[in-house]
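Trainee: I have a structure to go through today. Can you walk me through it?

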Amino acid sequence: MKFRFSKFFSSDIGIDLGTANCLVYVKDHGVVLNEPSVVAIKDNVVVSVGAEAKRMLGRCPMNIKAIRPMKAGVIADFAVTEEMLRYFILKAKNFMAPYQRIFRPTVLIAVPSGITEVESRAVQDSAMHAGAAKVHTIEEPMASAIGVGLPVAEPTGSMIVDIGGGTTEVAVISLAGIVEKRSCRVGGDEMDSSIIQHMKRVYNLLIGERMAEDIKIRIGSAYQVPDLEESMEVKGRDLVSGLPKSIRVSSLEIRTALQEPIASIVDAVRSTLEHCPPELASDLMDRGIMLAGGGAMIRGLDRLISEEMNLPVFVADDPLNAVVKGTGVVLQELSNNVQI
Ligand SMILES: Nc1ncnc2c1ncn2[C@@H]1O[C@H](COP(=O)(O)OP(=O)(O)OP(=O)(O)O)[C@@H](O)[C@H]1O
Ligand SMILES: [Mg+2]
């Protein structure tokens, strides 16, 4: 019998370090934090992190910068990511009992499956510098599949498609391993960019990232949903006159603007299915495909994928929390199996 003091008293943390949102799970407490992955910096000092910093995006005075340190699922700015992780780990510690805060936590971080060895090391180093005692990583689609409750350990094929802000992760899982996967660096951010480009090209209207995201969430769709055809007012700056201007856009034209990024997501699903072993492919005929991540909430995406692949498609109940919940399940399992 080996007694590990710190293991017994420390509380482990699971992190979904996403391009758009960072979520933190504390063992025995559940999901304790859910904040946008945004950091506001003034003269090289962090002034705010998370929701408060996101409100500043595109609205900062010249001496403050609001930064999204993760791009396309990986770290684009190491120093800022480290600061962000430090802030989240410290904040998560508030949810632990005082005796648990003494120990540096073991951290399990979900990373995109397409990440390189160097990128994975960078994530681990950042978490170590931010206060972790030990860092483990788990592939995002695996965490997502576990988080939505797919039977990953069974000898049957399960397919998960996690559409985040920066990446879309597609995986077929069986017997606790990923059998076939695709990770494409297209997600919600790319959809926002397509909307910005569309407004520029068609209306000479310059809009910000937050406005584009708002349009996508309010009237964006991947498939015609007749009852939900809507329009909304969009405000921005006229590129010709340089003055503020507002126009009305319809869901139909936003659907057209979103066609390219959505086609890339559909292609990633198709290519994974095409390379999937036949036994597992036949399991998917019955079990279908599960969509998770914030992008899964684009209206009609489930229907489009179902029609293109000729398979049943489901959207997870709580798509934004799938990955972090998965890290929680893994941490809980690890601690149940730990020898003391
Ligand atoms: N209702 C909605 N409809 C469409 N898109 C949405 C909706 N709600 C959130 N999103 C989008 O989902 C994305 C964020 O999803 P999520 O939190 O899963 O990403 P992430 O995990 O941070 O990113 P990644 O996994 O790529 O690193 C954003 O692009 C956001 O605009
Ligand atoms: Mg994600």
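Mentor: One term to begin with: a disulfide here is a pair of cysteine sulfur atoms within 2.5 Å.

Trainee: How many disulfides does the structure hold?

Mentor: It holds 0 disulfides. This is a predicted model, where local features need pLDDT of at least 70, side-chain atom pairs count only at pLDDT 80 or more, and totals for chains, interfaces and linings use all residues. Residues are numbered from 1 along each chain as its sequence is written, chains are lettered from A and ligands numbered from 1 in the order in which they are written, and side-chain values use heavy atoms, with hydrogens and water left out.

Trainee: Is Cys184 buried or exposed?

Mentor: Cys184 counts as buried, at 16% relative accessibility. Buried means under 20% relative accessible area, exposed means over 50%, and partly exposed is in between, with a 1.4 Å probe and protein chains only. Cys22 is buried as well, with a relative accessible area of 0%.

Trainee: New topic. Which strands pair with S12?

Mentor: Strand S11 (residues 158-163) pairs with S12 in the antiparallel sense over 6 bridges. S12 and strand S13 (residues 177-184) also run antiparallel, joined by 7 bridges. Strands (E, at least two residues) and helices (H or I, at least four) are DSSP runs, numbered from the N terminus, and two strands pair if DSSP finds at least two bridges between them.

Trainee: Which residues stand opposite each other?

Mentor: Val161 stands opposite Val170 in S12. On the S13 side, Lys181 is the bridge partner of Ala171.

Trainee: What about the turns?

Mentor: S11 reaches S12 by a hairpin of 4 residues. The hairpin between S12 and S13 has 2 residues, and Leu175 in that turn has a positive phi of about 50°.

Trainee: How many residues of S12 are buried?

Mentor: 7 of its 7 residues. In a regular strand the side chains alternate between the two faces of the sheet. In S12, Thr168, Val170, Val172 and Ser174 are buried on one side, and Glu169, Ala171 and Ile173 on the other.

Trainee: And helix H6?

Mentor: H6 (residues 140-147) is mostly covered, with 8 of its 8 residues buried. Just after H6, Gly149 takes a positive phi of about 85°.

Trainee: Last one: where is Lys216, and what does it touch?

Mentor: Lys216 is in helix H8 (residues 209-219), and counts as buried at 10% relative accessibility. Leaving out residues up to four places away in sequence, Lys216 touches Gly188, Met191, Asp192, Ile195 and Ile298, where contact means heavy atoms within 4.5 Å.
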